[in-house]
Amino acid sequence: MAAADGPVPETASWDLGPDSRLDISVAHIARVYNYWLGGKDHFAADRAAGEATIGVYPGIQQSARANRAFLARAVRYLAETEGIRQFLDIGTGLPTANNTHEVAQAAAPDSRIVYVDNDPLVLAHARALLTSTPQGATAYLDADLRDTRKILEQAAGVLDFGQPVAIMLIAILHYIPDLGEARDIVARLLAAVPADSFLVVSHAGSDLFPDEIAAFEKNLNDHLPGDTHVARPRGQVSLFFEHTTLLEPGVVRVSEWRPETAEEAERPTTLWGGIGRK
């Protein structure tokens, strides 16, 4: 099965070939984020965007690392404490340390993970993502967050939507400029999973760095022709959890969501985060 048509199973072998969507002359947020994290999978346009935003908000690199740490803690908690064995990670980005499948399968080897992204460079790295324990499964789906029907239909080839699923929306909803559309996307995803499923969200907070947000977003959006970054205040981020019961400590800075060390708790961040149970 080709990546564009559905999830690619871990046993697949395919010729990636050229992808007409890969234009290295313009920045893509997955590659800019990789640059902020200190990765190597980026091009000149991505580095220009990354440096422009660092120039007006130097804390963005620490914030990106705090976000990755939140993802790892969330997945570990859901796998170890809540017994979740299925994860739908939408907007996964480029492979880095503590990917969802690595954390989940370290805690529960039978975990099944579907990654979703629409960046062709992420697809080119799919082989790095598509590793799994023999007991579990990992797959990649080439799709846009807005196309929830495609995501759900094709993810069903790997995930059992009759059993609880953790929906991971990590630093992705702030690229849906219209709040109503973003809330509709979350509602459609939640409607497809049963009770005792979970929603994990991190989202840029306009009230977390109010002095820098205007310059930060202008610099980032000037470099992202295909995306628009829109930070939102905590009250609006909380609306994404309206059909769930928030776990303690609620919607907080991602560095303050059940940190494991004092260093994690003190890491500066531009993102609100939380986990809700359906």
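How many of the eight residues of helix H1 (residues 29-36) are buried? In this predicted model, local features need pLDDT of at least 70 and side-chain atom pairs count only at pLDDT 80 or more, while totals for chains, interfaces and linings use all residues. Residues are numbered from 1 along each chain as its sequence is written, and side-chain values use heavy atoms, with hydrogens and water left out.

Eight of the eight are buried, so H1 is largely enclosed by the rest of the structure. Here, buried means under 20% relative accessible area (1.4 Å probe, protein chains only), and helices (H or I, at least four residues) and strands (E, at least two) are DSSP runs, numbered from the N terminus. The cover over H1 includes helix H2 (44-56), helix H3 (60-80), helix H5 (120-124) and helix H9 (213-223), where contact means heavy atoms within 4.5 Å.

Arg31, Val32, Tyr35 and Trp36 of H1 meet Asp46, Arg47, Ala49, Gly50, Glu51, Thr53 and Ile54 of H2. After H1 comes Gly38, with a positive phi near 85 degrees.

Strand S2 (residues 112-117) runs parallel to S3 and is joined to it by six bridges; pairing requires at least two bridges found by DSSP. Within this pair, Val114 stands opposite Ala139.

Conventions. Buried means under 20% relative accessible area, exposed over 50%, partly exposed in between (1.4 Å probe, protein chains only).
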